[in-house]
Amino acid sequence: MIRFVGEMAYRAGLGAQASDEPDSGLVEAVESPLRLAPGHALDLGCGTGRNSIYLGRHSWEVTGVDMVRHAVAAARRNAAVAGATVRLIEGDVTRLEELGIGDGYTLLVDVGCFHMVPVGRRDAYAAGVTRVAAPRALLLMVGFSKLLGMGMTAEELRNRFSGWELVSAAPVPSWEMRRYVRGPAPMKSVLAGGWFEPWRYKLLRTP
Ligand SMILES: C[S@@+](CC[C@H](N)C(=O)[O-])C[C@H]1O[C@@H](n2cnc3c(N)ncnc32)[C@H](O)[C@@H]1O
């Protein structure tokens, strides 16, 4: 059902957060003085590829996964235009074991995906992500805390992601969300207006 709605939304040009600008938390992890050394990165729910492409252009070997065919096709086109090498796979992030993506990922990124995953599939998501992560891997997540009965919170991440330490949780300001949302003004206002309370989380895989 979510996949069907996603296909329709992307086809209608309503792929939310479809700007080209990468997430600022990701930029900090990749470019700050304390940055991670480039390695293998996994972009969960990569959409049209803005974060995967950014990583590919910064010497990361990146795999992006999204369940919406239209989004993956757009990400491939965008990567080609940007000249970025990115492995893009159509698939369900709650079934990573079926996708043959390997393991040893030192950076995992989920911007706007986990908060849409049905509650009944979230343990499978956490187990899959934990299985493919390298020891001391960093998992960056951004999600709405209120999303029509779904959403995600720090408390949920602490409880659901065993083998990980939640090292930070901070709200994402509306002015920043506005930069990421391309589309008509009403959509910007709804997504960036703070109604859904976006938060950014950092988790570290404990060895
Ligand atoms: C709000 S968009 C964000 C896209 C991208 N991460 C970005 O920041 O531009 C969320 C994406 O997650 C994908 N998604 C949601 N549930 C998924 C699942 N179970 N497996 C794979 N992709 C999923 C959707 O298709 C959508 O492209």
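The following legends describe close-up views of a predicted model.

View 1. The shell around the ligand comprises 22 residues, of which G45, G47, M67, V111 and G112 come nearest. Two or more shell residues are contributed by each of the elements α1 (2-11), α3 (50-56) and β2 (61-66). By residue class, the shell around the ligand consists of 12 nonpolar, 7 polar and 3 charged residues.

**View 2. The largest nonpolar core.** A total of 48 residues make up the largest nonpolar core. Within this core, the residues with the most contacts are A41, L108, V109 and L139. Strand β5 supplies the largest share of the core, namely 7 residues.

**View 3. Contacts of L108.** L108 is among the residues with the most contacts inside the largest nonpolar core. When neighbours within four places in sequence are left aside, L108 is in contact with L42, L44, V129, A133, A137 and L139. Of these partners, L139 is also listed among the core residues with the most contacts.

View 4. L138 belongs to strand β5, which spans residues 133-144. Because L138 has 20 C-beta neighbours inside 10 Å, and 20 or more are required, this residue counts as buried. With neighbours within four places in sequence left aside, the contacts of L138 are A29, L36, L107, K202 and L204. W164 lies 26 residues from L138 along the chain, and the C-alpha atoms of L138 and W164 are separated by 9.2 Å.

How values were computed:
Residues numbered from 1 in each chain as written. Predicted model: local features only at pLDDT ≥ 70, side-chain atom pairs only at ≥ 80, totals over all residues. Near = placed C-beta within 6 Å. Helix = DSSP H or I, 4+ residues; strand = E, 2+ residues; numbered from the N terminus. Nonpolar A, V, L, I, M, F, W, Y, C, P; charged D, E, K, R; others polar. Buried ≥ 20, exposed ≤ 12 C-beta atoms within 10 Å, placed from the backbone. Contact = placed C-beta atoms within 7 Å. Core = buried A, V, L, I, M, F, W, Y, C linked by C-beta atoms within 7 Å.
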